[in-house]
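Here is a short briefing to read alongside the sequence and the 3D view.

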Amino acid sequence: MSDGSTPAQLACDFCGRPASEAGPMIEGKALQPIVPGRPISHICSNCVDVCDGIFQQHDRAKIQIDKVPTPRELVAHLDDYIIGQENVKKTLAVAVVNHYKRVLGREITDPDLQDVEVAKSNVLLIGPTGCGKTALAQTLARRLHVPFAIGDATTLTEAGYVGEDVENLILKLVMAADYDIAAAEKGIIYIDEIDKIGKTSQNVSITRDVSGEGVQQALLKLLEGTTANVPPQGGRKHPEQQYLQVNTTDILFICGGTFVGLEEIIAKRLGRKMIGFGRGEEATDRELERNELVAQVTPEDLERFGMIPELVGRLPIIATLDQLSVEDLEKILVEPRDSLSKQYRVLFHLDDAKLEFTPEAIHEIALLAKARGTGARALRSIMENLMLEIMYELPEREPGQTYTITDKIVRKEARLFEPAAKV
C-alpha cells in the first residue's frame, strides 16, 4: 500500500474496526488525511450502510417539504387503487392537502392574516367493513411519501390498566419512520375501530369504563397536538424509563369505524322508519337507505352513538363510505393497479403461462363475496380457495399454455385441468 500499511493492519477510519473484523473496505485518497501521515483513508461496509441511511432520511425530509400535490392529483392516484367512493376521495384529498399546506406552508405576507391559526383537519371515516377505509389512508400516505401507522382502538385502555397506552400509536409511527422523529412528526396515523370505544348507556359508575370513554379522553390531546412521551420499546411507562418526545401537532389522524346502528339514530332524528331485514331487492333497498341516511350524519348523531363531544370536535371532517355493490366488487377484481386478477396473472406469467377470467367468472366471484357481507375482504379468501389446486398443479404443466377461469370453475362444477398423474 502507498501509505505503508499491510492488509492485516488496515482499519476503518470511521469506526476503527480492523479489516479482519470489518471485512472488505473502500479506500480513497483524502485531501486532508483523517489520520496524520496516512493520505489514504478506508471505510467499511457497515459504515457505508450507516451513511446511506442518513442520506435516505435526508431525502425523506426533502420530499416532505418540497411540494404538496393538488387534490386532483391525489384523487387520480386513489383512482388507480380504490374503486368507487368518489365523494370520500375528494373529501380526503382536500383535507390532506389543507393539512400539509398548514404544516409546510409559506410565510403569510398579508398582515391581516398573520395571526390566524389554521386548525388541524383530522378525519373520521364512517363505513361498513371491507369498503376501503384503511386502503384509502394507506394509499394516501404512500403517495405523499410520509410515515404511516395503523392502530386498533379496541386494544387501547387507560394508563395503568391492562392493554396498550394511546402513546403506543405514536410509537408505531416512529418505528415506521425508522426512529426519525422529525419525519414521524409529519406522518399519518390511522386508528381503526374507533366506534368500539364509544361509551354505552349501560355503563354505570360501579365499574370504570377503561376501554371506552377513558380512551376517548386519552386520545384528545394526541389529536389536538401535544408532546407525547413515547416508550422506545413500547409497553407500559415506568418512572425510570427513557422516553422519546414526539410532538403530535402536525401528525394527521384519520379515524375509521363501522358505527353499526348509526343509521337508526339518524332515521329517528329525521322521523323516518327503517326498512326491515330481508333478501333480494329488499336487502339492496336497505343498503341504499343506509348509505343515504349515514351520508346525513351530524356530530350530534355521533354523540348519541357514544362518542364524547370533545373527541367529535377534534375530528372536524366526516366522510361516509357506501356499501360495496356487486358491480363495485367486480371492478375491484379487475381494475385497480394491484387487483387480485392482475396479481394472479403475474404469478402465471412467472410460470410461463397465461391466465384469463371470463366476465361470468368475475361476476360469480363478486356474488360470493357479496353474500359473505365483509366487503372487499372476502375477495381474497375466495380467490385463494379458487386458485389453490390450480397453483399447486401449474408448475408441472407444459409451458406456454393459456388458462381460462369460467363461472363453472368458480362454482366447482368444472375443473381447469385434471390433476397431474402421480409419478
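**Salt bridges**

K89 and D79 form a salt bridge, with their closest N and O atoms 2.7 Å apart. A salt bridge here is a side-chain nitrogen of Lys or Arg within 4 Å of a carboxyl oxygen of Asp or Glu. K89 belongs to helix α4 and D79 to helix α3, so the pair ties together parts that are ten residues apart in sequence. Helices (H or I, at least four residues) and strands (E, at least two) are DSSP runs, numbered from the N terminus.

Before going on, please note that this is a predicted model, in which local features need pLDDT of at least 70, side-chain atom pairs count only at pLDDT 80 or more, and totals for chains, interfaces and linings use all residues. Residues are numbered from 1 along each chain as its sequence is written, and side-chain values use heavy atoms, with hydrogens and water left out.

- K89 counts as buried at 1% relative accessibility, while D79 counts as partly exposed at 35%. Buried means under 20% relative accessible area, exposed over 50%, and partly exposed in between (1.4 Å probe, protein chains only).
- D80 forms a salt bridge with R337, and their closest N and O atoms are 2.8 Å apart. D80 sits in the loop between α3 and α4, and R337 in the loop between α13 (326-334) and α14 (340-350), so this pair ties together parts that are 257 residues apart in sequence.
- D80 is partly exposed, with a relative accessible area of 28%, and R337 is exposed at 53%.
- E356 and K354 also meet through their side chains in a salt bridge (3.9 Å, N to O). E356 is partly exposed at 34%, and K354 is partly exposed at 48%.
- Salt bridges that share partners link E364, D407, R411 and E413 into one network.
- How many salt bridges does the structure hold? There are 16.

**The chain as a whole**

- The chain has 17 helices and eleven strands.
- Of its 423 residues, 41% are buried.
- The accessible surface comes to about 23400 Å², and 53% of this belongs to carbon and sulfur atoms. Accessible areas come from the Shrake-Rupley method with a 1.4 Å probe; for residues, only the protein chains shown count as cover.
- Among the contacts in the chain with a separation of 6 or more, 69% are between residues 24 or more positions apart. Contact means heavy atoms within 4.5 Å.

**Nonpolar cores**

- The largest nonpolar core has 59 residues, and L125, I188, I254, I365 and I405 are those with the most contacts inside it. A nonpolar core is a set of buried Ala, Val, Leu, Ile, Met, Phe, Trp, Tyr and Cys residues joined through side-chain atoms within 4.5 Å.
- Apart from that core lies another, of 43 residues, including I126, L173, V246 and F259.
- Leaving out residues up to four places away in sequence, I405 touches several residues, among them L355, F357, M387 and L416.

- L315 lies in the loop between α12 (309-313) and β9 (317-320), and at 3% relative accessibility it is buried.
- L315 and L124 are 191 residues apart in sequence, yet 5.9 Å apart in space, C-alpha to C-alpha.
- Beyond its neighbours within four places in sequence, L315 is in contact with N122, V123, L124, L223 and C255.
- E27 is in strand β1 (residues 25-29), and its C-alpha atom is separated by 4.4 Å from that of H42, 15 residues apart along the chain.

- D192, in strand β5 (residues 188-192), is buried yet has no salt bridge. Which side chain of opposite charge is nearest to D192? The answer is R377, 4.7 Å away. Lys and Arg count as positive and Asp and Glu as negative; His and the chain ends are not counted.
- Most residues other than glycine have a negative phi.
- Q85 has a positive phi, near 55°, and it lies in the loop between α3 (71-79) and α4.
- H145 also has a positive phi, of about 60°, and its place is in the loop between α5 (133-144) and β4 (148-152).
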